[in-house]
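Subject: A structure for you to look at

Hello,

Here is the structure I promised to pass on. Please open it first, and then read my notes below.

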Amino acid sequence: MDQDNLQRAVNYTNKIAFPIPIKVVVIDLDGTLLDTAADLAHAANKMLLELGKPELPLATIQSFIGKGIQKLVKRSLTNSLDTEPDAELFAKALPIYERNYREHLYTYTRPYPGVVEGLNALKQNGFQLACITNKAEAFTLPLLRATNLLAYFELVLSGDSLPKKKPDPLPLLHACKYFHIVPHELLLIGDSLNDAIAARAAGCNIFCVPYGYNEGRDVRELDCDAIVPTLFEASKLIKKVI
Ligand SMILES: O=C(O)COP(=O)(O)O
Ligand SMILES: [Mg+2]
């Protein structure tokens with residue numbers, strides 16, 4: 001299946017029976033609910049400018065999204081995925097980044113096509129909804145509020161809500177306890193390896209969207225149950241169990 005078709009049709013990557021019986025749907029934020037890359041990149045380039053460093057292209061910064069704000073700052077400072085920046089430089093850069101991001105949190109940020117329709121369909125079909133993101137809570141809640149998405153979610157877990165974030169299974173296992181369900185009754189919908197690894201480690205179902213970030217890699221590399229073009233299409237692949 002080529003990229004264009006991937007954006008249009010469901011790609012069943014796992015030979016399991018659909019619709020999958022599910023009780024709770026957990027949805028990732030950056031790259032799944034909201035297209036946040038332009039505002040995240042704007043703050044990163046403002047930070048680089050203030051530090052006297054060269055700006056980076058949007059596509060490069062987009063590939064740095066996925067493991068939270070601190071990692072995004074480290075990656076932007078070093079222009080690489082895994083190099084540690086000088087500790088002093090990082091300590092100086094982080095508050096600059098946070099200030100710039102706070103000031104332009106939702107200038108360009110919008111829900112992706114099919115998100116609102118998908119959330120409405122999931123609610124109508126009786127699913128309980130949660131949002132689990134690696135984004136810091138100080139940014140998650142204002143963003144969900146500003147885009148009118150907050151009211152859909154009974155539980156919101158951010159990157160700093162618990163001692164560990166995705167790809168660790170802890171946030172998903174925490175959600176299972178919160179909703180009194182077992183992991184296979186939970187479906188995570190995400191855009192990246194952090195979601196896929198966390199879901200598999202927790203024993204949850206996982207769908208991926210092809211329009212997100214995935215740290216710059218092809219979404220077809222991920223171990224997931226289906227690649228769904230929109231949240232609305234995802235809602236047709238699960239059935240509510242009591
Ligand atoms: O904050 C990030 O880097 C990614 O956040 P996400 O888990 O919502 O994709
Ligand atoms: Mg994401």
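Val10 sits in the loop between helix 1 (3–8) and strand 1 (11–12); helices (H or I, at least four residues) and strands (E, at least two) are DSSP runs, numbered from the N terminus. Before going further, please note that this is a predicted model, in which local features need pLDDT of at least 70 and side-chain atom pairs count only at pLDDT 80 or more, while totals for chains, interfaces and linings use all residues. Residues are numbered from 1 along each chain as its sequence is written, chains are lettered from A and ligands numbered from 1 in the order in which they are written, and side-chain values use heavy atoms, with hydrogens and water left out.

Val10 counts as buried because its relative accessibility is 16% (buried means under 20% relative accessible area, exposed over 50%, partly exposed in between, with a 1.4 Å probe and protein chains only). Leaving aside neighbours within four places in sequence, Val10 is in contact (heavy atoms within 4.5 Å) with Met1, Ala226, Ile227, Pro229, Glu233 and Leu237.

**The magnesium site**

Which residues coordinate the magnesium ion (ligand 2)? They are Asp28 (OD), Asp30 (O) and Asp191 (OD), at 2.1 to 2.2 Å. Donors here are N, O and S atoms within 2.8 Å of the metal (3.2 Å for Na, K and Ca); water is not among the atoms, so sites may look incomplete. Asp30 lies in the loop between strand 3 (24–27) and strand 4 (34–35), and Asp191 in the loop between strand 8 (186–190) and helix 9 (193–202), so this pair, 161 residues apart, links distant parts of the chain. Both Asp30 and Asp191 are buried.

**Asn45**

Asn45 belongs to helix 2 (residues 37–50). With 12% relative accessibility, Asn45 also counts as buried. Beyond neighbours within four places in sequence, Asn45 is in contact with Glu55, Leu56 and Ile61.

**The whole chain**

The chain has 10 helices and 11 strands. Its C-alpha trace spans about 55 × 40 × 30 Å along the principal axes. Of the 242 residues, 54% are buried. Among contacts with a separation of 6 or more, 68% come from residues 24 or more positions apart.
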